[in-house]
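Hi everyone, thanks for coming.

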Amino acid sequence: MSEHILPDRRRVKAEPDAVQHYTQRKPAKHRAEMALVARAFPALPPGSRALDAPCGAGRLSQWLATRGLRVSALDLGVAAVAHTRALLGADDAEVLEGDVFHLPWEDRAFQAVVCFRLLHHFEDRARRRALVREMARVCDGYLLVSYLSPWSFTGLKRRLRAALGGRRHRQNHTPLSELVADLKAEGFQLDRDLAQRRFFHSLHLARFVRKSR
Ligand SMILES: C[S@@+](CC[C@H](N)C(=O)[O-])C[C@H]1O[C@@H](n2cnc3c(N)ncnc32)[C@H](O)[C@@H]1O
C-alpha cells in the first residue's frame, strides 16, 4: 500500500454535472481514445478479473464488461460511481467509491488493471510513482497506464508555448522511461507502447506485464 496521499479534490467527479460533461466530450475524441484502449488491451479468457481505476463515467468499464471480463471499478467521485454502477447494471460488477492511491483489493487480485487519463494530472514525480506502484500491487498480469508523451507534436508545441511565456498547459508530460523504471522496480516490463497517432498525439497507452507470474 502506498504512503498516505491526499487526493486533489478539483480533479474528482463528485457532481453529476461533471460526469455529464465528461460523457459529452467530442465524439471523435472519445472514439479515438476507445480505439486506443481496444488496441492495447490484451486478449484474456472470459471471466478474468479486470480493474478500471479511475472509472469516471464508466466508458472503459462498460467496454471491459462487453469482453466477458469480471469488472471492478473505482472512483473517488460519488457521481462517477453512481453513473458507472447504473451503466453496468451492477449485478456482477463491483463499483466502489475510493482513492486510487489506496485500492481496497488484495495484492495481485486482477489479471488486468487499466488506469486511463489520470497520471498526467500529477505534476509531482513522487505522486506518479505512488500511483503506478499501487496499480502494480493489485495486478497479477497486464497493467495499462496512459500518459502524455513529451515527444509528440502536441507536447512540443505546449512546451514551446510555455517557454515563450505563454499559457502553461495544466497537464503534465511524462517520459516513458520514468514509467519503465518505476514499474521495473515493481516486477513489470514494458510490453507495448501505443499512441493514437505516434509523434502527433501526446496521449499514449503503455502496456506492462508482470515478469514473475
Ligand atoms: C479524466 S477522468 C478519466 C476517467 C476514465 N478513466 C476515462 O478515461 O473515462 C479522471 C477521473 O479520476 C477521478 N479521480 C481523481 N483523483 C482520484 C483519486 N485520487 N482516486 C480515485 N479517483 C480519482 C475523477 O473523479 C475522474 O472521474
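**Salt bridges, helix packing and a few backbone details**

Let me start with one side chain: at 31% relative accessibility, Arg129 counts as partly exposed (that term covers 20% to 50% relative accessible area, with buried under 20% and exposed over 50%, using a 1.4 Å probe and protein chains only). Before I go on, please keep in mind that this is a predicted model, where local features need pLDDT of at least 70 and side-chain atom pairs count only at pLDDT 80 or more, while totals for chains, interfaces and linings use all residues. Residues are numbered from 1 along each chain as its sequence is written, and side-chain values use heavy atoms, with hydrogens and water left out.

Back to Arg129, then. Which residue does Arg129 meet in a salt bridge? The partner is Asp182, at 3.6 Å from N to O (a salt bridge here is a side-chain nitrogen of Lys or Arg within 4 Å of a carboxyl oxygen of Asp or Glu). Arg129 sits in helix α5 (residues 125-137) and Asp182 in helix α7 (residues 176-184), so this pair ties together parts 53 residues apart in sequence. Asp182 has a relative accessible area of 6%, so Asp182 is buried. Through shared partners, salt bridges join Arg125, Arg128, Arg129, Glu178 and Asp182 into one network.

In total the structure holds 12 salt bridges. Another of them pairs Arg59 with Glu33, with the closest N and O atoms 2.7 Å apart. Arg59 belongs to helix α3 (residues 59-66) and Glu33 to helix α2 (residues 27-40), so parts 26 residues apart in sequence are tied together. Both Arg59 and Glu33 are buried.

Glu94 is in strand β3 (residues 94-97) and Arg49 in strand β1 (residues 49-52), 45 residues apart. Glu94 is partly exposed at 29% relative accessibility, whereas Arg49, at 17%, is buried.

Now for helix packing, and Arg59 comes back here. The axes of α3 and α4 are 9 Å apart, at an angle of about 25°; axes are lines fitted to C-alpha atoms, for helices over the stretch in contact, and angles run from 0 to 180 degrees between N-to-C directions. The two helices, α3 and α4, are therefore roughly parallel (under 35 degrees; over 145 is roughly antiparallel, 65 to 115 roughly perpendicular, and the rest oblique). On the α3 side the contact (heavy atoms within 4.5 Å) is made by Arg59, Ser61, Gln62 and Ala65, and on the α4 side by Thr84, Leu87 and Leu88.

How does α1 meet α4? The axes of α1 (residues 16-23) and α4 (residues 78-88) come within 7 Å and cross at roughly 55°, so α1 and α4 are oblique. Pro16, Val19 and Thr23 of α1 touch Ala79, Ala80 and His83 of α4.

Finally, some backbone spots to look at. The peptide bond from Ala53 to Pro54 is cis, with omega near 0°, and Pro54 is in the loop between β1 and α3. Arg117, although not a glycine, has a positive phi of about 60°; Arg117 lies in the loop between β4 and α5 and is buried at 15% relative accessibility.

Terms used. Helices (H or I, at least four residues) and strands (E, at least two) are DSSP runs, numbered from the N terminus.
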